[in-house]
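Have the sequence and the 3D view open as you read.

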Amino acid sequence: MAAMAEAGGDKGRCVRLSAERARALLADVDTLLFDCDGVLWRGETAVPGAPEVLTALRARGKRLGFVTNNSSKTRQAYADKLRRLGFGGPDAPDARPEVFGTAYCAALYLRRHLASAPAPKAYVLGSAALAAELQAVGVAAVGVGPEPLPGDGPAAWLSAPLEPDVRAVVVGFDPHFSYAKLTKAVRYLQQPGCLLVGTNMDNRLPLENGGFVAGTGCLVRAVEMAAQRQADIIGKPSRFIFDCVSQEYGIDPERTVMVGDRLDTDILLGVTCGLKTILTLTGVSTLGDVKNNQESDCLSKKKMVPDFYVDSIADLLPALQG
């Protein structure tokens, strides 16, 4: 591990990843796991230099994985977006097996936990993509899209018919989230054995213009509060999503790097699972957030301190050239 000693930093001490440190780090790494939103792109715009970095890493024989909390796209849609934004040319491998989104991993979770249920259904506060991933593993999805309140008062809301055989409520990113859907979700969750699953707890999502929109965690919290239950969370920093990656990839944690823009999801997952960690400053978390966590006496905050930081993953290019 001499190369890692050169790469620099004691645990709990975040240092800038210079080209020299990056070369030493990459010498000890087989696999790099990337968050997407805020790391590779913002909205529909690729982070400058990011496609070139991934191309150079592949040329060096590094294995790449894309681990995203965003549940608004299927595995195929993420593979298409990677190619559309320049992260894969005509000769690049099919990216689908490299993508681990919370829609796909939520489907794996329900397949495991509802294996004994005949023709199970899930009430989905989420996208058509989330519904498609569930249906691909044999879980029918109901509730996707806008849903008006029935009648004109609470009595009508509580007497509206429910779908039979709903065994889970799944909360993902849902632009049609409403009081009507919240009310129905709580009614399903009052039925014996109904699971409550949240795709992720991100409180906001970065966009290409530097702004943010409310994230899925806001919706999960609303359902948890109304149902007085805690959801099983699929996405980062839950270990479940890493287990999905590890089972399909056969990852050696000591030779794996997690690259992300959020301390409370990407970096915390990496530290918890024994990975090396790089924070990029093109997304949500800042160096001020890192400093606050370093100075905190709280153990959970110290677990959110990355090994390294870069302004952008384009900062890796000098270490990959020549």
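Which residue in strand 9 is the bridge partner of Lys121? That partner is Val166. The model is predicted, with local features needing pLDDT of at least 70 and side-chain atom pairs counting only at pLDDT 80 or more, while totals for chains, interfaces and linings use all residues. Residues are numbered from 1 along each chain as its sequence is written, and side-chain values use heavy atoms, leaving out hydrogens and water. Helices (H or I, at least four residues) and strands (E, at least two) are DSSP runs numbered from the N terminus.

**Around strand 9**
- Strand 9 (residues 166–171) is largely enclosed by the rest of the structure, because five of its six residues are buried (under 20% relative accessible area, 1.4 Å probe, protein chains only).
- Strand 7 (residues 121–125) runs parallel to strand 9, and five bridges join them; two strands pair if DSSP finds at least two bridges between them.
- Strand 10 (residues 195–198) is also parallel to strand 9, joined by four bridges, and its Leu196 stands opposite Val169.
- From strand 9 the chain passes through helix 8 (residues 179–189) to strand 10 in a right-handed β-α-β crossover (clockwise from the first strand over the helix to the second, with the strands pointing away from the viewer).

- An open sheet of seven strands has the order 1-16-15-14-2-5-6, with parallel pairing.
- At its edges, strand 1 (15–16) and strand 6 (99–101) each pair on one side only.
- Three bridges link strand 15 (residues 276–280) and strand 16 (residues 308–310) in the parallel sense, and Thr280 stands opposite Val310 in strand 16.

Notes
Buried means under 20% relative accessible area, exposed over 50%, partly exposed in between (1.4 Å probe, protein chains only).
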